[in-house]
Amino acid sequence: MFEPILLRNVDVPDGHLLATYRAGGGYQALAKALDEHTPDEIISLVKESNLRGRGGAGFPTGLKWSFVPKRAGKPKYLCCNADEGEPGTFKDRIIMERDPHQLIEGLAISGYAIGAETAYVYIRGEYTLAIQRLEQAIAEAHAKGYLGTRIRGSDFNFVVHIHCGAGAYICGEETAMLDSLEGKRAQPRLKPPFPAVEGLYASPTVINNVETLACVPHIVLRGAGWFRNIGPDKSPGPKLYCLSGQVRKPGLYELPMGTPLRELIEDSGGGPLPGRKIKAVIPGGVSAPLIPAHGLDVGMDFDSLAAAGSMLGSAGVIVIDDSTCMVKVATRIIEFFHHESCGKCTPCREGLNWVVKVLRRVEAGQGVPGDLEQLEALCKGIFGNTFCALGDGAAMGLRAALTHFEHEFVAHIEEHRCPFH
Amino acid sequence: MNMREKIKAAAARYPDQRSAIMPALLIAQKEHGHLPGPVLEEVADILDVERIWVYELATFYTLFHTEPVGVFHLQLCDNVSCMLRGAEDLLRHLEEVLGITKGGTTPDGLFTLSTVECLGACEMAPVMQVGDDYQGDLDIARIDALLDRLRATVGQATGADLAATVPPGE
């Protein structure tokens, strides 16, 4: 039985309070980092742990930190991406609501490592309870000297501010988030320059996801080897899986990286709803291409899912059963991307608009011969031609649905109706 | 603190006043319910930033409302996880009992009904945000009970208005 690490406090009464967090060993990692390690040693430790970003891209965290110039002549910033907009994802919300100090300790250690004195937590505006709990936790941490000036008698000064988002999925893209933090419309920036060199206010900036930062204190306390021994060596660590959709026990489950998708759904999630069969699973939020039922033995880690033609993404696992029309699922997914397209680049803005029109008519039984070829041509025009990954995610998701469930699309067109209605 | 003081306090968190536009708009919206032109201009004046910058944000981010919304803003998630757990039936039911279509507001100004993208609470799908709160694991009976509770919280002062929105037979 895997002992929860990131979720160990979430069901403890008053888990969001500093006293509870400290009673469970909280802030010992920060003390250890400040007393026993230089910032460079922390970066090396995180590199050695093979921690990869939990926001979706899976970029090695220690490597990202090492890109920050040592002498910048400018303030450095740490930004926490807590915008969590990927449909099917709710892990960061639960950490912030029920164990916000775990995030704050991760922020403080990470800030120390990269030489930042200011952090902004960019949190989605809908997360009212998480915002309130995080505000309270920041105030408590300040009062007890875990944040502020000369933390624990060291030379390290560090403050954490909350910045509330206002309902734009694109802010999950790190450079769009920086523009949003600067008070602009959230649109992705051209890279390079990368944020590590020129990010927030043109200063060196590191952007990490909530869950990524929450891993950091545990690595400092228990060591890089301990972390790397959980799950596959190249993609290790404890992982939060958000299970939702047509499954008996939806919820947030912490298991080692690389846990087979089937095990997550059957053992943790209790399997499909009574009398139903699983048809497909979206393993990493709607940007991740779906996996048909015969592919569920894949390991839930970055490399195994990539090899299977999908991605771990945000680990938002959405189970779809045999009562559901895949054309409808695909249409809903593309409607989402179309709605959230920031409008900056043409292939995404116009392409998705066109895709939505075709999909809606197919779903309504008004599709015409040639529509599927049209959809593939549109995917080709979007994929690889957009400013950021939003358009790619939409095209990949649609292609997977078209590949694995072509017969359902064809049936809609040939029968002039949705066979599921 | 009044609105100006709250906005000034929020602005102190940033080296650049422009960064404070988003928090300022959230504060102003809390104060005014929505963000009409004069409020946007007031925000620009308080922060001493270009008005166009404020307009740009107010019209880009979906949490900002430039038009009035009802006392209770019912924001039903209809993204994939909620759709798979019956959000469409709930939307139809809400439209029927409130006598409005999505995007609309009841004539008494009590309820605005919207569909929204994923609220990040899929473990309790289908889910709806009502004001600041999340209501999860919804079904038709829970929606009905919720609407009753909400109507009760506004009290007797608007009782006559409320009666008009309650559909026959309820």
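## A buried cysteine

Cys82(B) is buried, with 32 other C-beta atoms within 10 Å; a residue is buried if 20 or more other C-beta atoms, placed from the backbone, lie within 10 Å of its own. Cys82(B) belongs to helix H5 (residues 80-83) of chain B, helices being DSSP runs (H or I) of at least four residues, numbered from the N terminus. Apart from neighbours within four places in sequence, Cys82(B) is in contact with Cys77(B), Ala87(B), Ala125(B), Pro126(B) and Val127(B). Contact means that the C-beta atoms of two residues, placed from the backbone, lie within 7 Å.

## Basis of the model

This is a predicted model, in which local features need pLDDT of at least 70 and side-chain atom pairs count only at pLDDT 80 or more, while totals for chains, interfaces and linings use all residues. Residues are numbered from 1 along each chain as its sequence is written, and chains are lettered from A and ligands numbered from 1 in the order in which they are written.

## The annotated site

An unreviewed UniProt entry gives the annotation "binding site" to Cys77(B), Cys82(B), Cys118(B) and Cys122(B). These residues span 46 residues in sequence, yet no two of their C-alpha atoms are more than 9.4 Å apart, so they gather at one spot. Such annotations may be inferred rather than shown by experiment.

Cys118(B) is also buried, with 28 C-beta neighbours inside 10 Å. Not counting residues up to four places away in sequence, Cys118(B) touches Gly85(A), Pro87(A), Gly88(A), Cys77(B) and Asn79(B).

## Between the chains

In total, 40 residues of chain A are in contact with 33 residues of chain B. H13(A) contributes six residues, the largest share of the side of chain A that touches chain B.

Key
Helix = DSSP H or I, 4+ residues; strand = E, 2+ residues; numbered from the N terminus. Buried ≥ 20, exposed ≤ 12 C-beta atoms within 10 Å, placed from the backbone.
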